[in-house]
Amino acid sequence: MHAMAEPDGALDPPPPPSPAAPTPPAQWPKDGALDPPPSPSPVAQPPPVEWPEDGVLTRDWVASFTAALDWCSRSMPPDQLPSVLSADFVRRLVVAAAVILHREPNIVRVDPRPDQSVVVVGDVHGQLHDVMFLLRDAGFPSEERIFVFNGDYVDRGAWGLETLLLLLAWKVFLPNCVFLLRGNHESKYCTSVYGFEQEVMVKYKSQGAQVYRKFLRCFEDLPLASIIAGCVYTAHGGIFRGAVVLPSKRSKRAKKGHKYKASPTDDSTTLKLGSLDELLKARRTVLDTPYEGSNLIPGDVLWSDPSLDKGLSLNKERGIGLLWGPDITQQFLYTNNLKLIIRSHEGPDARDKRHDLLAMNSGYTIDHHVACGKLITLFSAPDYPQFQASEDRYNNSGAYIVLSPPDFATPDFHTFQAVKPRPKAHPFYDFEDVIDSDEELNLGAMDTGMSSS
């Protein structure tokens, strides 16, 4: 696919293309159905990956790019990555993907044909080798197989940059078969705390700040949710409130310059379930989703969690988003004629603190089973987190879901283990001092919700 013209004021245009990437190894099948080739020899550094002359990515190009990422992760110090993936190349790939993402609505409609299946993937958190295994195990994106990713591509893992670039390459190659949604970690705040910003700075040094800004702009362009086959809703966090209604200008109680602020005393009596139309109209181009003000829907979609208690309430543990009960799941499914909600956002560390819900040992849980359908939490990063302060590891499995015709509403769960041994790597954040989950956020340090443009 040719790179499209980019929207005014959104991103810098890519520079003229340079020579094409090298031919991929002969062992890699063009149809992507078989195992990839073994990792290149540690002494045979691949040549620099270059953008195709015509700007069109091919399956062979993506295969060669994947092999280069694998080799670099295993055989090269992080700060030498630019010798294979130059900052200019990274900028071109990120911009090409952002142009496509920018044109997608807040809710992408995934309408598979009767001969297509849909693979839904949860958090992957920079675990590159597990992502490569998942893609191979599920069968790679193709005209017969659509992928929907539920966000959280970066942070905590040592290869967030490589993981995100790989998925962006698949998006550029097959824009109608790969859908990348935003997670709460695709933000300025989270990436400054949980490692991705530092990872980019270490790997790209003096050019790191510019590369990081390109990623931030790309984050703003990621859609918030998907509707698959008209019956499955997916989003990183999940449910969202109705749009905040500000006081009328004619109201005597409305003071000039007054800004609505969510009250910590708000509860289910002052919150109402939002509509898909409201989600479509929400402003998503924010570095950090607001936790106050009128644009609260994006924060809800990315940060909310299910509960076994009825109703909607503020998610006081996280300080942003909502908690919602089985009755709200039923209402959302019934109102929108849906059968499944597939969300992510909670790994084994988060569930370890929530004794009301099932543990994330198998990569998925069914949290609500109601008359209209089910609410599923899906987590695709096995043996997570990569760097853990405690001696006892969770040793969780990862999982992905396959939705197949004719109804696409019966989830087929596929669990898998982490690729071991992992290449040696150092963390890019102080995992011993930083909180292990996203609770107790420093809201004051979060961006005010302004765009990076």
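## Aromatic pairs

In this predicted model, a search of the whole structure finds 20 aromatic pairs. Rings of Phe, Tyr and Trp (its six-membered ring) are paired if their centres lie within 6.5 Å; planes under 30 degrees apart are called stacked, over 60 edge-to-face, and the rest tilted. One of these pairs joins tryptophan 170 and phenylalanine 173, which are tilted at 50° between the planes and lie 5.9 Å apart, centre to centre.

Both residues belong to helix α4 (residues 160-173), where they are 3 residues apart and therefore separated by about one helical turn. An α-helix has 3.6 residues a turn, so residues three or four places apart point the same way. Tryptophan 170 has 4% relative accessibility and counts as buried; phenylalanine 173 is also buried, at 15%. Buried means under 20% relative accessible area, exposed over 50%, and partly exposed in between (1.4 Å probe, protein chains only). Elsewhere, ring pairs link Trp51, Trp61, Phe65 and Phe89 into a cluster.

## Nonpolar cores

The largest nonpolar core has 105 residues, of which Phe65, Leu85, Phe215 and Tyr233 touch the most other members. Such a core is a set of buried Ala, Val, Leu, Ile, Met, Phe, Trp, Tyr and Cys residues joined through side-chain atoms within 4.5 Å. A second, separate core of 20 residues includes Val118, Ile228, Leu378 and Ala399.

Neighbours within four places in sequence aside, phenylalanine 65 is in contact (heavy atoms within 4.5 Å) with Val49, Leu85, Phe89, Leu93, Leu165, Leu166 and Ala169.

## Helix α10

Helix α10 spans residues 326-335, and its residues Ile328, Thr329, Phe332 and Leu333 are buried. These residues lie on the same side of α10 because they cover an arc of only 130° around the axis, taken from the directions from the helix axis to the C-beta atoms. Tyr334 and Thr335, on the other side of α10, are exposed. Just after the helix, asparagine 337 takes a positive phi of about 55°.

## Whole chain

The chain has 11 helices and 14 strands; helices (H or I, at least four residues) and strands (E, at least two) are DSSP runs, numbered from the N terminus. Of the 453 residues, 58% are buried. Among contacts between residues at least 6 apart in sequence, 77% join residues at least 24 apart. The chain exposes about 18700 Å² (Shrake-Rupley method, 1.4 Å probe), and carbon and sulfur atoms supply 52% of it.

## Basis of the values

Residues are numbered from 1 along each chain as its sequence is written, and side-chain values use heavy atoms, with hydrogens and water left out. Because the model is predicted, local features need pLDDT of at least 70 and side-chain atom pairs count only at pLDDT 80 or more, while totals for chains, interfaces and linings use all residues.
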